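Subject: Structure for your review

Dear colleague,

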Amino acid sequence: MLKAIQKKVMCWFTVCIIGLCASSMVMADEGIRQFKEFIATVNNAEGEFTQQQIRPSKTGDAPPKVLRKSQGRFVFQRPGQFVWETVKPFEQKIIADGQRLLLWDKDLNQLTIRPADKGLSASPAAILFGQVAVEEHFDLVSGGQKGGMFWVELQPKNKNNRQLPYGRMGIGMSNGLPVGLELHDNFGTIVLINLSKIQINKSLGANVFKFTPPPGADVLNAQ
């Protein structure tokens, strides 16, 4: 009788362990699953962002230093159209209209126009908002759960690609939406971005991704 009870206990314990392992594996891949679903199903979205540029402490004792803070709003529509508009502490717009990349600086009264080249396709904005075949250029690695988000890390397959602005890119997913980005550049600086008030698959106006500078503005065409 005792042996039968022991067998039942061991069987129940084994089932629980297997269940916990399976659950852990599902949870570990949750960020990747949500990220893939977002890329596949969300055609356009708009929302707000806050951004911090941070320099980590070199000694390990002093706190990290916040170099710059900004906030603003964004809107995107696939394929390859987006507006990233900084409102504070200065007014600036980055606009991709599908063929060109426009940078508007209100303080300088200057518009810089560049072709939407391959370098843009490797940027975080284009990965989230463009028509990039992500898994052709990056390995998707689970980053676990942190800060209430499921994280996926994008590791470049071609690590010698100098067009990549960041050596590491992490995307935090929550409820099917990217709400956090952690970007590490090649100089040791970290950029943290929080996305909020996101609305998806809306009807966007025809002129959302068009921009005409005011009279008298300097217009620079860069290659």
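The following paragraphs set out what was found, beginning with the overall picture.

**Overall picture and confidence**

Please note that this is a predicted model. The protein has 223 residues, of which 34% are buried, and it contains five helices and twelve strands. Its accessible surface amounts to about 14000 Å², with 55% of that area belonging to carbon and sulfur atoms. Of the contacts between residues at least 6 apart in sequence, 50% join residues at least 24 apart.

The average pLDDT is 81, and 77% of the residues score at least 70. Among the elements, strand E11 (residues 190-200) has the highest mean pLDDT, 94, whereas helix H1 (residues 2-28) has the lowest, 44. Over residues 4-26 the pLDDT is below 50, and this stretch has zero contacts in the model beyond near neighbours in sequence. Where pLDDT is low, the predicted coordinates should not be read in detail.

**Nonpolar cores**

The largest nonpolar core comprises 33 residues, and the members that touch the most others are Phe35, Phe76, Leu154, Ile193 and Leu195. Apart from this core lies another, of nine residues, which include Val83, Trp104, Leu111 and Ile113. Leaving aside neighbours within four places in sequence, Leu195 is in contact with Glu48, Phe49, Phe74, Trp84, Pro178, Val179 and Leu181.

**Salt bridges**

Side chains of opposite charge can pair when their charged atoms come close. The structure holds nine salt bridges, and some of them are described here.

In helix H2 (residues 30-41), Glu30 and Arg33 lie three residues apart, about one turn of the helix. Their side chains meet in a salt bridge of 2.7 Å, N to O. Glu30 has a relative accessibility of 15% and therefore counts as buried, while Arg33, at 43%, counts as partly exposed. Glu37 joins Glu30 and Arg33 in a network of salt bridges.

A further salt bridge, of 3.2 Å from N to O, is formed by the side chains of Glu85 and Arg73. Because Glu85 belongs to strand E3 (residues 81-88) and Arg73 to strand E2 (residues 65-77), the pair ties together parts that are twelve residues apart in sequence. Glu85 is buried, with a relative accessible area of 15%; Arg73 is partly exposed, with a value of 43%.

Arg100 and Asp97 also form a salt bridge, in which the closest N and O atoms are 3.1 Å apart. Arg100 is partly exposed at 37% relative accessibility, and Asp97 is partly exposed at 22%.

His184 lies in strand E10 (residues 177-184). With a relative accessible area of 16%, His184 falls under the 20% limit and so is classed as buried. The side chains of His184 and Glu182 are joined by a polar contact of 2.9 Å. Not counting residues up to four places away in sequence, His184 touches Tyr166, Gly167, Arg168, Thr189 and Ile190.

Lys93 is located in strand E4 (residues 92-97) and is partly exposed, at 24% relative accessibility. Again not counting residues up to four places away in sequence, Lys93 touches Trp84, Glu85, Leu102, Leu103, Trp104 and Phe211. Lys93 and Val83 are ten residues apart in sequence, and their C-alpha atoms are 6.9 Å apart in space.

**Backbone geometry**

Most residues other than glycine have a negative phi, and most peptide bonds are trans. The following positions may be compared with that background.

The peptide bond from Arg78 to Pro79 is cis, with omega near 0°, and Pro79 is in the loop between E2 and E3. The bond from Lys88 to Pro89 is likewise cis, with omega near 5°; Pro89 lies in the loop between E3 and E4.

Asn109 is not a glycine, yet has a positive phi of about 55°. Asn109 is situated in the loop between strand E5 (100-105) and strand E6 (110-115), and is partly exposed, with a relative accessible area of 26%. Lys197 also has a positive phi, near 50°. Lys197 is found in strand E11 and is exposed, its relative accessible area being 62%.

Yours sincerely

Technical notes:
Residues are numbered from 1 along each chain as its sequence is written. This is a predicted model: local features need pLDDT of at least 70, side-chain atom pairs count only at pLDDT 80 or more; totals for chains, interfaces and linings use all residues. Side-chain values use heavy atoms; hydrogens and water are left out. Helices (H or I, at least four residues) and strands (E, at least two) are DSSP runs, numbered from the N terminus. Buried means under 20% relative accessible area, exposed over 50%, partly exposed in between (1.4 Å probe, protein chains only). A polar contact is a pair of N or O atoms within 3.5 Å; within protein, one must be able to donate a hydrogen and the other to accept it, and residues adjacent in sequence count only if both atoms are side-chain atoms. Contact means heavy atoms within 4.5 Å. A salt bridge is a side-chain nitrogen of Lys or Arg within 4 Å of a carboxyl oxygen of Asp or Glu. A nonpolar core is a set of buried Ala, Val, Leu, Ile, Met, Phe, Trp, Tyr and Cys residues joined through side-chain atoms within 4.5 Å. Accessible areas come from the Shrake-Rupley method with a 1.4 Å probe; for residues, only the protein chains shown count as cover. pLDDT is the predictor's confidence in each residue, from 0 to 100.
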